Amino acid sequence: MVKLGRITALLAGAALLAGMMTGTSAAGTSAAPRKTGPITVAYVEVNNNSMLNVGKYALAQSGGNVFDIGVIFAANINYDTATKSAYLYFNPNVQNVLDNVSTQIRPLQAKGIKVMLSILGNHQGAGFANFPSQQAAAAFAKQLSDTVTTYGLDGIDFDDEYTEYGNNGTGQPNASSFVYLVTALRAAMPTKLISLYNIGPAASRLSYGGTDITSKFTYAWNPYYGTWGVPNIALAKSGLSPAAVQIAATSTSTAASLAQRTVSEGYGVYLTYNLGAADSHTYISSFTKPLYGKDAVYRP
């Protein structure tokens, strides 16, 4: 089961909030200069890489952060066969990041970078789209919001992959489940970020019983790297990323063209995946130049 309740994490989160309200970080340093243009998001596979890599890239001259949001990839939605209920699971690498928020997350937040936790299926049949009741969905939403509060995170990302609905006797996707889940989560954390990785059964089940949860999301993005695809969700363009690239795997020409299209068509988000430890400023410059008119610099 998920481990919660670290007093030091709560105190650090409170200190960070106080710092943000006065324009300084919890460590007493100012956040990076603001930039204009779309926000850029970086997913980090923490099984292999450090979240701190998100804070190592700045825009030349202005010094603003390249990345505005770092996503911890990933926690899991697991299934307890004894209680027949879903629960939030952290593998040892995710748990290590959360246990060390003061050194792995707070330095990013001190620079003005938001840190979200992605939740992913884990082949056990428990998913966002098959909660059997409103109460079951609300119970999982509470686990999510408690985690955000305990570790001082900035939000939750939903990625409905690898669930394998039906495993362990679980149900198939239903119309109400994701609506109940997101509604409960938004009520529990009204000012935090909630994003949709636009894939899987949950992504096509956004309305039920007269409730449409579209407006409860902050962002939604295309899940197919190297492609352009506007998420099928009625958010404003400022909250959508039709562009998606895998760093160093998607070609620089594609990364640049997707960034240019993001700007020319007025979208507000540019999504990247798999930021690693290597100095990738040359690759990253391929999309920062069309997004912001500046090269990226690496600051280890």
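How many bridges join β13 to β14, and do the two strands run parallel or antiparallel?

Reply: In this predicted model, β13 and β14 run parallel and are joined by three bridges. One of the residue pairs concerned is Gln246 with Tyr273, the latter lying in β14. Between the two strands comes a helix, and β13, α8 and β14 together make a β-α-β unit that is right-handed.

Strand β14 covers residues 269–273. It also pairs with strand β1 (residues 39–45), again in the parallel sense, and here there are five bridges. Within β14, Leu271 stands opposite Val41. Five of its five residues are buried, so the strand is largely enclosed by the rest of the structure. Both of its faces are covered: Val269, Leu271 and Tyr273 are buried on one side, while Tyr270 and Thr272 are buried on the other.

The connection that leaves β13 also deserves attention. Thr250 lies in the loop between β13 (243–246) and α8 (252–264). Although it belongs to a loop, Thr250 has a relative accessible area of 9% and is therefore buried, the cut-off being under 20%. Setting aside neighbours within four places in sequence, Thr250 is in contact with Tyr225, Gly226, Val245, Ala255 and Tyr283.

Ser176 is found in the loop between β6 and α6 (177–188). Its relative accessibility is 14%, so Ser176 counts as buried. The C-alpha atom of Ser176 is separated by 7.7 Å from that of Arg205, a residue 29 positions away along the chain.

Of its 300 residues, 53% count as buried. Among contacts with a separation of 6 or more, 76% are between residues 24 or more positions apart.

The largest nonpolar core has 73 residues, and those with the most contacts inside it are Ile72, Phe158, Phe178 and Phe217. Helix α5 (residues 134–151) supplies the largest share of this core, namely six residues. Apart from it lies another core, of 18 residues, including Ile39, Val71, Ala74 and Ala244. For Phe158, the contacts beyond its neighbours within four places in sequence include Ile119, Phe128, Leu144, Phe178 and Phe217.

Helix α5 itself has 18 residues and reaches 26 Å from its first C-alpha to its last, close to the 26 Å expected at 1.5 Å a residue. Among its buried residues are Ala137, Phe140, Ala141, Leu144 and Val148. After α5 comes Gly152, whose phi is positive, near 65 degrees.

Finally, a word on confidence. The average pLDDT of the chain is 91, and 90% of the residues score at least 70. Confidence is highest in strand β6 (residues 155–159), at a mean of 99, and lowest in helix α1 (residues 7–21), at 37. Over residues 1–29 the pLDDT is below 50, and this stretch has 40 contacts in the model beyond near neighbours in sequence.

Key. Residues numbered from 1 in each chain as written. Predicted model: local features only at pLDDT ≥ 70, side-chain atom pairs only at ≥ 80, totals over all residues. Heavy atoms only, no water. Core = buried A, V, L, I, M, F, W, Y, C linked by side-chain atoms within 4.5 Å. Buried < 20%, exposed > 50% of the residue type's maximum accessible area, 1.4 Å probe, protein only. Helix = DSSP H or I, 4+ residues; strand = E, 2+ residues; numbered from the N terminus. Contact = heavy atoms within 4.5 Å. pLDDT = per-residue confidence, 0-100. Expected span 1.5 Å × (residues − 1). Pairing = 2+ DSSP bridges. Right-handed = clockwise from strand over helix to strand, strands pointing away.
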